[in-house]
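Here is a short report for a reader meeting this structure for the first time. Have the sequence and the 3D view at hand while you read.

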Amino acid sequence: MIIEAQGLTKTYQSKSGPVHALAGLDLQVPRGTVKALLGPNGAGKTTVVKMLTTLIRPDAGTAVIDGIDVVRQPKSVRRIIGVSGQYAAVDENLTGFENLEMVGRLYHLGGAAARKRAQELIDLFELTAAGNRPVKGFSGGMRRRIDLAGALVINPKVLFLDEPTTGLDPRSRIALWDVIKRLVADGTTVLLTTQYLEEADQLADDIVVIDDGRVIAEGTSDQLKAQIGGHRVVVALVDSADSGAARDVLARYGSSAPSVSTDGRGIEVAVTDGPTALQNMLADLRAAQINLHDAGMRRPTLDDVFLRLTGHKADLSATDDDSDSTPKLSKRAQARRAQASAANTDPSDLEKVK
Ligand code: ATP
């Protein structure tokens, strides 16, 4: 295991009382693999990443990266990790190239080496045309790529990606996934946090679902989906008067109780073997002379996983508890601090380098 964490605990004090961000979380990541931490807003994903990247200390528990203790030897840990956060930690007024060069200098690479590495990353991330333009003219996708490139300046053994594609359009998301896949193929270990099941699906060997600061499920994407029913069968009735009878048919093959839409014409149920269940249901519905507008099956979505595992929906619009008694840094300042910390540098040095 390149990452081993046990019993990670963190309680924040807020005006409305203590917030148990992590409640004894265990995590193991095998070398050269991608592990996704999946969870709704406030589940504790960022707190795990902050602990493992030495930005905050756990109240209790231990974490080791490549044999190095994150609490006792934070500087050594920072030399082998890269971090790309939710908000691109880039300087708006510098060009893409200059941003990467600056990160190299913060890592004490030396001028020539920092410029060489910056150019390699500009090429790797296909930012050649944009590399010499100030970041303020970059699209969201380009910003994310530059930020990720910044996390790779030192060729980290472990790369932490905190919601790397939140807010990106589907094309930019796929492009970023491709870059991450290439890094993994070259041997980088990745710990990724995401709210998107599809992202975990695309990238992760293994997924850990967390909620309320603890692990509530773990496995490959297929295992998790199978756990909540491999498929969902969905039928649309011609006549809502058939609702009760149709519901009974679906219940026969479902792995849980069917849900019925408010107008009574849409019925959905989780099943373990989708194709067989669908065929059986269609035969039974025909025998019962129930007419359908439509019928089909689909894979579970993130909402399905959460609904089953946590009893509540993955509410992507949920807000964080902002009633923290400690003053909050702006998103930009947080990003700078994270980058400086990753570079083992005082945040104020960022200003000096500029
Ligand atoms: P998101 O998807 O919104 O980034 P997350 O899963 O990363 O969520 P965390 O940011 O780790 O969640 O937060 C876990 C819990 O700890 C939340 O309830 C959050 O409000 C709380 N929390 C995080 N940082 C602080 C802080 N500095 N002070 C008080 N509470 C905090």
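Which residue in β13 is the bridge partner of valine 260? The partner is isoleucine 267. Helices (H or I, at least four residues) and strands (E, at least two) are DSSP runs, numbered from the N terminus.

The model is predicted: local features need pLDDT of at least 70, side-chain atom pairs count only at pLDDT 80 or more, and totals for chains, interfaces and linings use all residues. Residues are numbered from 1 along each chain as its sequence is written.

**The chain overall**

The protein chain has 13 helices and 14 strands. Of its 354 residues, 42% are buried. Buried means 20 or more other C-beta atoms within 10 Å of a residue's own, exposed means 12 or fewer, and partly exposed lies in between, with C-beta atoms placed from the backbone. Two residues are in contact if their C-beta atoms, placed from the backbone, lie within 7 Å. Among contacts between residues at least 6 apart in sequence, 70% join residues at least 24 apart.

An open sheet is built from 4 strands in the order β12-β13-β11-β14, with antiparallel pairing. β12 (259-260) and β14 (292-298) are the edge strands, each with a single partner, so one side of each has no neighbour in the sheet. Strands count as paired if DSSP finds at least two bridges between them. β12 and β13 (residues 266-271) are joined by 2 bridges.

| Helix | Residues | Lies across | Angle to a strand |
|---|---|---|---|
| α9 | 243-253 | β11, β12 and β13 | about 10 degrees to β13 |
| α10 | 274-287 | β11, β13 and β14 | about 25 degrees to β11 |

α9 and α10 also pack together at about 150 degrees, with axes 10 Å apart. They are therefore roughly antiparallel, the word for angles over 145 degrees. On the α9 side, the contact uses Ala246, Val249, Leu250 and Tyr253. On the α10 side are Ala277, Asn280, Met281, Asp284 and Leu285.

**Two nonpolar cores**

A nonpolar core is a set of buried Ala, Val, Leu, Ile, Met, Phe, Trp, Tyr and Cys residues joined through C-beta atoms within 7 Å. The largest has 66 residues. Those with the most contacts inside this core are Ala36, Val48, Leu52, Phe160, Leu191 and Leu192. A second, separate core has 13 residues, including Val235, Ile267, Val269 and Leu285. Ile267 is also the bridge partner of valine 260, and Leu285 takes part in the contact between α9 and α10.

In helix α3 (residues 96-106), 11 of 11 residues are buried. Among them are Phe97, Leu100, Met102 and Arg105.

Most residues other than glycine have a negative phi. Just after α3, histidine 108 has a positive phi of about 60 degrees. Histidine 108 sits in the loop between α3 and α4 (111-124). Glutamate 163 also has a positive phi, about 45 degrees. Its loop runs between β7 (158-162) and α6 (170-185).

Are these two residues buried or exposed? Histidine 108 is exposed, because 11 other C-beta atoms lie within 10 Å. Glutamate 163 is buried, because 20 do.

Key: Axes are lines fitted to C-alpha atoms, for helices over the stretch in contact, and angles run from 0 to 180 degrees between N-to-C directions. Angles under 35 degrees count as roughly parallel, over 145 as roughly antiparallel, 65 to 115 as roughly perpendicular and the rest as oblique.
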